[in-house]
Amino acid sequence: MARLEDIPEPTRTAVANIPCPSFDTAPFVHGPPLSQRRVAIVSSAALIHRGDRPFPFGSGEYRAVPGVWNNNDILVSHVSINFDRAGFQRDINVIWPIDRLRELAAEGVIGSVASTHYTVMGSTDPAAMVESADGIAAALLADRCDAVVLAPV
Amino acid sequence: MLEERGLPTTVLALILPQVEKTRPPRALMLPFMLGRPLGEPNDASFQRRVLLQALRLLERADGPVLLEHFPEDNPSWFDRPDWVPAVSLQIPGTPHAAAAWEAAFRIELAAVLPVWARFKARFGRTTVGLAGQPPEAWAAFATSFLNGALPTVPLHDTAALALRFLADDLKALYGEAVQADGAPPSARQIDQWFWGRTVAGQLLIALRGVALESENNALKTVGGRYFVPVPYLPS
């Protein structure tokens, strides 16, 4: 097993002890079978289009990742230097499984893939992302999405 | 937060303590390194198994908190003993003057660029592109910081950010080049090669030293935290 124990100190302790919000509620939304679901990805990798400005440090904003973007134009602007980059250098699907979702949709395993996906800067305090959660949720519901894969980096 | 707003979610999780604290409705715990939540690059069937197990959680009705563990390791976690870097370089010395750094880095980069071109041709992609300037401009730009200059580029607001994202691009270009040929090395092998065997790695360590001494607080922060990973800091 990797991998928390393989992160060098002091980062390992910082990651393990990072303040996390606890939630008073335990929402659990039911939905139709997977074959009828419309699936979106929300990534914490601070993804940008080639040529766009990176996410500022500590930014609570969210940005759209339209499905029409070429995989080679999607760059990671996450602030941390403590995660592997060699994997997604070769294959973006190792953090952003867009091609796998499209294959599952083509085979009918899932219903369809969202037209637009979303991304945030994962190192930002979640308390600064409440408005972003509102914005992402409204956009995904307007696109008739009823499944979200939350992908870290 | 999205579930509360009416959207069913499933998490690809890499850090167990965070999952235990936040208790998301559905999480698939993955035994992979940070940066590879789908596990294995260029292995569609492996990635599909990860994604499908996470998606299948959406069909379970026995919430409100579901946690499953993915049963497989990703094969590329392990070092490849027979790996030979795609770029053959001299073990770098440590120049003392900015001009000497610039000359040494230019020579090395000229040797790395054709190998990087092979990576781009093989994989059809590159993650280089955050610096806001082409590789040909990097040597003069980066080494000018050694003389106390604080240059910037139109894409970034400050010298600190310009140098920070140049460092990202530099690591990406070398990391891609060294994976250009043959079977991929482990992530650790790439890091050990970059920080131990390249002028570029030594230059970033030197720039970190300059940044830490700088009166520019943004550069001090960026240099201290975002150039060199902890295991490769000079002792």
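Mentor: Start with what counts as an element: helices are DSSP runs of H or I with at least four residues, and strands are E runs of at least two, numbered from the N terminus. Keep in mind that this is a predicted model.

Trainee: In what order do the elements of chain B run from the N terminus on?

Mentor: The order is β-α-β-α-β-α-α-α-α-α-α. Chain B has eight helices and three strands. Its C-alpha trace spans about 65 × 45 × 35 Å along the principal axes.

Trainee: How do you know where the domains of chain B lie?

Mentor: The bounds come from an automatic or database domain assignment. Domain 1 covers 3-77 and domain 2 covers 98-232. Their C-alpha centres lie 33 Å apart.

Trainee: What makes domain 1 and domain 2 of chain B count as in contact?

Mentor: The test is heavy atoms within 4.5 Å. Five residues of domain 1 and four residues of domain 2 are in contact. The size of an interface is often given as accessible area lost when the parts come together. Here the two domains of chain B bury about 310 Å² between them, and 48% of that is on carbon and sulfur atoms.

Trainee: Why are α5(B) and α8(B) called roughly parallel?

Mentor: Set the angle against the cut-off. The axes of α5(B), residues 159-177, and α8(B), residues 217-226, cross at roughly 20°. Angles under 35 degrees count as roughly parallel. Therefore α5(B) and α8(B) are roughly parallel to each other. Their axes come within 8 Å, and the crossing is right-handed.

Trainee: Which residues make that contact?

Mentor: From α5(B), they are B:Ala160, B:Leu163, B:Arg164 and B:Lys171. From α8(B), they are B:Ala218, B:Leu219, B:Val222 and B:Tyr226. By class, this contact has six nonpolar, no polar and two charged residues. Arg and Lys count as charged, while Ala, Leu, Val and Tyr count as nonpolar.

Trainee: At what angle do α3(B) and α7(B) pack?

Mentor: Helix α3(B), residues 98-123, and helix α7(B), residues 199-213, pack at about 145°, with axes 9 Å apart. The crossing is left-handed.

Trainee: What makes up the contact of α3(B) with α7(B)?

Mentor: α3(B) contributes B:Trp101, B:Ala104, B:Phe105 and B:Glu108. α7(B) contributes B:Val199, B:Ala200, B:Gln202, B:Leu203 and B:Ala206. These residues divide into seven nonpolar, one polar and one charged. Glu counts as charged, and Trp, Phe, Ala, Val and Leu count as nonpolar.

Conventions: Residues numbered from 1 in each chain as written. Chains lettered and ligands numbered in written order. Predicted model: local features only at pLDDT ≥ 70, side-chain atom pairs only at ≥ 80, totals over all residues. Heavy atoms only, no water. Axes fitted to C-alpha atoms, helices over the stretch in contact; angles between N-to-C directions. Parallel < 35°, antiparallel > 145°, perpendicular 65-115°, else oblique. Left-handed = near helix turned anticlockwise from the far one by under 90°. Buried area = accessible area lost by both parts, 1.4 Å probe.
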